[in-house]
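Colleague: I'm new to this model, so please pick one hairpin region and walk me through it closely. After that, tell me how the rest of the protein is put together.

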Amino acid sequence: MSDEPIKQKTVKRRGISSPEARGPILVGVTILVIVAVGIFLTYGYLKPNTEVKISTGVVDASSVQVETDAKTSEVYKAAKRSENKQRYDQAQSKDGGVAIPFTFDEEPKAGEAGKDIENCGCTIDEKQLEDAIRRIGLVSGDKSARDLLRVEKSDIYISTSGQLMGENGKPLVFRSSPIHMDTTGALLDEKGIAFLTKDKEPLYLSSAGEMIDRKTQKIPLLGDLTMSSGELYMSDGRLAIRPGNMQRVARSDIYITSEGQLVTMDGKPIRHSGAYVYQNDERKLLNRNAMDVAWEQQTVYQNTNGHLVNVSGQQFKQPGVLFSYEGIMIDNEGKLTRPLVNIEKIGNSDIFRTKSNYLVDGHGLPITHYGSEVRVGPGQKLLTKSGQPVFNRSRAEVYLTEKGALRVDVGKGGIQSGVLKTSEGVALDRHAQMITRRGRLERRGMSDIYLTSDGLLSDKDGKPIMFNKKDTFLDFGSVQNNGSQGLETYDRIKVTDQYGNRIFLTLEGRLVDSQGNAVKDVGILSSSDGVLLTSSGKKIVEEQDMERVVTKDGQPVTFNGKDVFKGKDGRLYDADGNPILAPDGRAVFMDDNGNIVDETGRAIDNVDLMAGERVVKNGELATRKKLTTNNGERIHS
């Protein structure tokens, strides 16, 4: 028998474990291992260092028990996809600058809130930025792109190349150097060197536009970050001129920022011997190195009147202690010796005029006439931005005198309070002065309604009380025997209830009908901020009939990060007293079964009431009593 058939049969019987096959198998396995390791390393390199989870509100999640592999509902996912699409569509339709529409991830991550920059979920990473750029139709890295991405509600914008910019489209500067953001949110100079805090730690930009450190704490900037023209930024990412960030010192031209830095009304730093100036709790003036500002061989203080004095309270004789950013000397009474380059105070009023003749308030922000910006036209006539005259209640044109007072032609009526308002909504009177000046407001009884001498209704902060979003006045021609007076808007529309019955204000500040009965409708009048007033003339959040809304297992319910309350009528309000509305404008109520419904009892399923990080379902709402003190201070349970 030939050996050939035997050899062929033997070859056919060889298997994977045969000695001849082991060499090729070993080589193949080695190649597979190398490929697998390469894929793992590549993934680890490309994976973002920071997990991003952007929160749109402050929520206390300490009591939430999160289970492993917990999933959010399809309703929540669909709602968030819809919200994301709406915000990106809105951003894409804007010209000359859009806001980054950060939203929740579809799958909220489980775990505790982060305590440092690596796991806080509070920074902007490269993927998130590029995704926002892509969705609004821009090209990442295009340094010629004119469009800027605004970081939430801050005054900081990011170019498509990652450079931080101001609202004027010019680069921001940090300690005189342009500033960029890397993929972790860390801030760098043009050479890629990190900007450091005083503790030598990297500085980061949060997703809300705040300047934070590695421990996610806000860092005072103390003049480090400015616009190219010198305007200061605060640690919250907003300019110093924004309301709440700086306060005027008496009637001087000096303002103090929330970080204790001295600035002029345009938000630019004040200097002494070229260095920025700060004020401590003792009102002593210091430089950045905490060294005393000295003049005439004595330490300089600023008293409550804004004057520059020594430790004994005596005003210095020789001027020259302080200078504005542009080099204008500030005298020892705290007054500029000449107007700022772009802004000039008008007489004894509370308004200022810019170089382009627009009127601004003490924050450098626009003065408005019922929502429209105002400028000074020919012959001192006041005009809106669109060129229409500013009118009084008698439709007479309003003028501004050189002394800062408002006037109309003889015989054409007076100037009503509120014809002009500050950026914060505070009404100005005929002297162009804020009605919050001492002696300008008189309270009606124990209500939250205050009156000017010409009958404007306002709150204690000088912001007008509204009827159908219009300033409300006393109707001096409509007085009841008991002293109650009718109400009307600035354009003479009578204030009525839903049935057309006139509403009167009593001497005690109550809202009544013509028979003296308390009105039944809540919210006929509201504050400028939208807080409803009850028949007692009190803001609804200060009434003692509010119940805290919780889930049936006791978890607090929030709306846009604010606690939710239920009124006696079942209507839902946020912690500021603002009524909660559905996207289509319907008022939101809670029925006896814990359902979210409209006024007719129809279910509403598109209002994002939240319990922790999940959307509350219909039928799981409950309440617990939330009382207030007689002073309107809420007692937290």
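Modeller: Start with H369, whose bridge partner in β29 is S372. Before going further, a word on what you're looking at: this is a predicted model, where local features need pLDDT of at least 70 and side-chain atom pairs count only at pLDDT 80 or more, while totals for chains, interfaces and linings use all residues. Residues are numbered from 1 along each chain as its sequence is written, and side-chain values use heavy atoms, with hydrogens and water left out.

Strand β28 covers residues 368-369 and β29 covers 372-376; they run antiparallel and are joined by two bridges. Strands here are DSSP runs of E with at least two residues, helices are runs of H or I with at least four, and both are numbered from the N terminus. Two strands count as paired if DSSP finds at least two bridges between them. Two residues sit between β28 and β29, and in this hairpin Y370 takes a positive phi near 50°.

Now follow β29 onward. Strand β30 (residues 382-384) is also antiparallel to β29, with three bridges joining them. Across that pairing, R375 stands opposite L383 in β30. This second hairpin has five residues between its strands, and G379 is the one to look for there, with a positive phi near 70°.

Positive phi turns up in loops elsewhere too. L222 has one of about 55° although it is not a glycine, and you'll find L222 in the loop between β10 (211-212) and β11. L222 counts as partly exposed, because its relative accessibility is 24%. R283 is another non-glycine residue with a positive phi, of about 70°, in the loop between β17 (278-279) and β18 (285-286). At 27% relative accessibility, R283 counts as partly exposed as well. The cut-offs are under 20% relative accessible area for buried, over 50% for exposed, and partly exposed in between, using a 1.4 Å probe and protein chains only.

The loop holding L222 leads us to β11. Three strands form an open sheet there, in the order β6-β5-β11, with antiparallel pairing. β6 (177-178) and β11 (225-226) stand at the edges with a single partner strand each, so one side of each has no neighbour in the sheet. β5 (residues 173-174) pairs with β11 over two bridges, and V173 has T226 as its bridge partner in β11.

L225 is worth a click. Leaving aside neighbours within four places in sequence, L225 is in contact (heavy atoms within 4.5 Å) with residues including I156, L172, V173, F174 and M211. L225 is also among the residues with the most contacts inside the largest nonpolar core, which has 48 residues. Such a core is a set of buried Ala, Val, Leu, Ile, Met, Phe, Trp, Tyr and Cys residues joined through side-chain atoms within 4.5 Å. β13 (255-257) and β14 (262-263) each supply at least two residues of this core. Another core lies apart from it, with 18 residues, among them I351, L406, V408 and L428.

As for the whole protein, there are four helices and 51 strands. Of its 637 residues, 45% are buried. Looking at contacts with a separation of 6 or more, 43% are between residues 24 or more positions apart.
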